[in-house]
Amino acid sequence: MVGKLASQLNKVGQKGFDKPLIAPSLLSADFIDLKNELVRVKDGDLIHLDIMDGSFVPNISFGFPVVAAVSKNTDLPLDVHLMIDRPERYIYEFAKLKAQAITVHFEAGGHLHRTLVAIREAGALAGLALNPGTSFESVVALLPYVDLVLVMSVDPGFGGQSFIPEVLPKIRMLDKYRTTQSKRFFISVDGGINEKNAGVVVQAGADILVAGSAVFGTSDASLAMLKLKEAGKSRLL
Ligand code: DX5
Ligand code: ZN
């Protein structure tokens, strides 16, 4: 497995890992001006792409043509978040579009172990997303097969919702698990992330902050990402 994200994963938990990584979520971008929007977030660490099918979540976002266009117009690693039923059908297509991480939802079901293994075999980091109501205990058997856990801090489907603080203990449990079990995976947190909650989220164990409206909703996206990074570090020792 090659790719920038994979090499950063090797540093997780070590001194040289400068967390948090910031993942601007394209869902909040201006879609008529995507090329420029990608330039605005070029200082980000990865670009988060929310794929919604109108069935798993009550919203439809965008699909392959947009992901292909983004892939050709950014140097940032693509972080694909699949909010779709039966995501195993599309792993290969997203890997071909150079997704460096492909994340499927625990709640989408199916044979999740097989799906996660298939993502790694396709050459991407295997991500597992957990809705706010999904417990740490329900996913623990899958953790040896993941490279990234995406903790949803809103119910998936829409940008611009409020952060649900009750997910913080789950982030702490995931962080404790990887330390005690010597496992290596990113903890990414998605939904309602802003300067006010970034510190506590990173302190709880997050490595990656996904942010849509807090980045694209401002006039200076670079500054917004820098502020999120600084806020994220603020509670670290
Ligand atoms: C929600 C998506 C998020 C969304 C975040 O279902 O998974 O990635 O874009 O947007 P904000 O940061 O505005 O909550
Ligand atoms: Zn997302």
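Guide: What follows is a set of questions and answers on a predicted model, beginning with the ligand and then turning to single residues.

Visitor: Which residues come nearest to ligand 1?
Guide: The shell around ligand 1 has 20 residues. A residue belongs to such a shell if one of its heavy atoms lies within 4 Å. Those that come nearest are S25, G157, D190, G212 and S213.

Visitor: Which strand gives the most to the shell around ligand 1?
Guide: Three strands each supply at least two residues of this shell: β2 (47–52), β3 (78–83) and β8 (208–211). With three residues, the one that gives the most is β2.

Visitor: At what distance does a polar side-chain atom of S213 lie from an oxygen atom of ligand 1?
Guide: A polar contact needs a pair of N or O atoms within 3.5 Å. The side chain of D50 has an N or O atom 2.9 Å from a ligand 1 oxygen, and a backbone N or O atom of G192 lies 2.8 Å from an oxygen of ligand 1. For the polar side-chain atom of S213, the distance to a ligand oxygen is 2.5 Å.

Visitor: How much of the accessible area of ligand 1 does the protein cover?
Guide: On its own, ligand 1 has 380 Å² of accessible area. Its site is the second largest pocket.

Visitor: Is G159 buried, partly exposed or exposed?
Guide: G159 belongs to the loop between β6 (148–152) and α7 (168–180). Its C-alpha is 6.7 Å from that of S213, although the two are 54 residues apart in sequence. The relative accessible area of G159 is 43%, between the limits of 20% and 50%, so this glycine is partly exposed.

Visitor: Which residue has a backbone nitrogen that the side chain of D207 reaches?
Guide: D207 is located in the loop between α8 (198–204) and β8. Its relative accessible area is 2%, under the 20% limit, so D207 counts as buried. At 2.7 Å, its side chain reaches the backbone nitrogen of I187.

Visitor: Why does K229 count as buried?
Guide: K229 is part of helix α10 (residues 221–233). E195 is 34 residues away in sequence, and the two C-alpha atoms are 8.6 Å apart. K229 counts as buried because the limit is under 20% and its relative accessibility is 19%.

Visitor: What is omega for the peptide bond that joins K19 and P20?
Guide: Most peptide bonds are trans. The bond between K19 and P20 is cis, and P20 is found in the loop between α1 (4–9) and β1 (21–24). Its omega is about 5 degrees.

Visitor: What is the phi of R86?
Guide: Most residues other than glycine have a negative phi. R86, in the loop between β3 and α4 (91–96), is not a glycine and has a positive value. Phi of R86 is near 45 degrees.

Visitor: Is K98 buried or exposed?
Guide: K98 lies in the loop between α4 and β4 (99–105). Phi of K98 is also positive, near 70 degrees. The relative accessibility of K98 is 62%, over the 50% limit, so this lysine is exposed.

Visitor: What separation do the C-alpha atoms of E137 and M152 have?
Guide: E137 is in helix α6 (residues 136–139). With 53% relative accessibility, E137 counts as exposed. Along the chain E137 and M152 are 15 residues apart, and their C-alpha atoms are separated by 16 Å.

Visitor: How far apart in space are R235 and F163, C-alpha to C-alpha?
Guide: R235 is placed in the segment after α10. Its relative accessible area of 47% makes R235 partly exposed. In sequence R235 and F163 are 72 residues apart, and from C-alpha to C-alpha the distance is 18 Å.

Technical notes: Residues numbered from 1 in each chain as written. Chains lettered and ligands numbered in written order. Predicted model: local features only at pLDDT ≥ 70, side-chain atom pairs only at ≥ 80, totals over all residues. Heavy atoms only, no water. Polar contact = N/O pair within 3.5 Å; in protein donor to acceptor, adjacent residues only side chain to side chain. Areas by Shrake-Rupley, 256 points an atom, 1.4 Å probe, with all protein chains shown as cover. 1 Å grid on protein atoms, 1.4 Å probe; cavity = no way out; pocket = protein on both sides within 12 Å on 5 of 7 lines; lining within 4 Å. Sits in = over half its atoms within 2 Å of the grid points. Helix = DSSP H or I, 4+ residues; strand = E, 2+ residues; numbered from the N terminus. Buried < 20%, exposed > 50% of the residue type's maximum accessible area, 1.4 Å probe, protein only.
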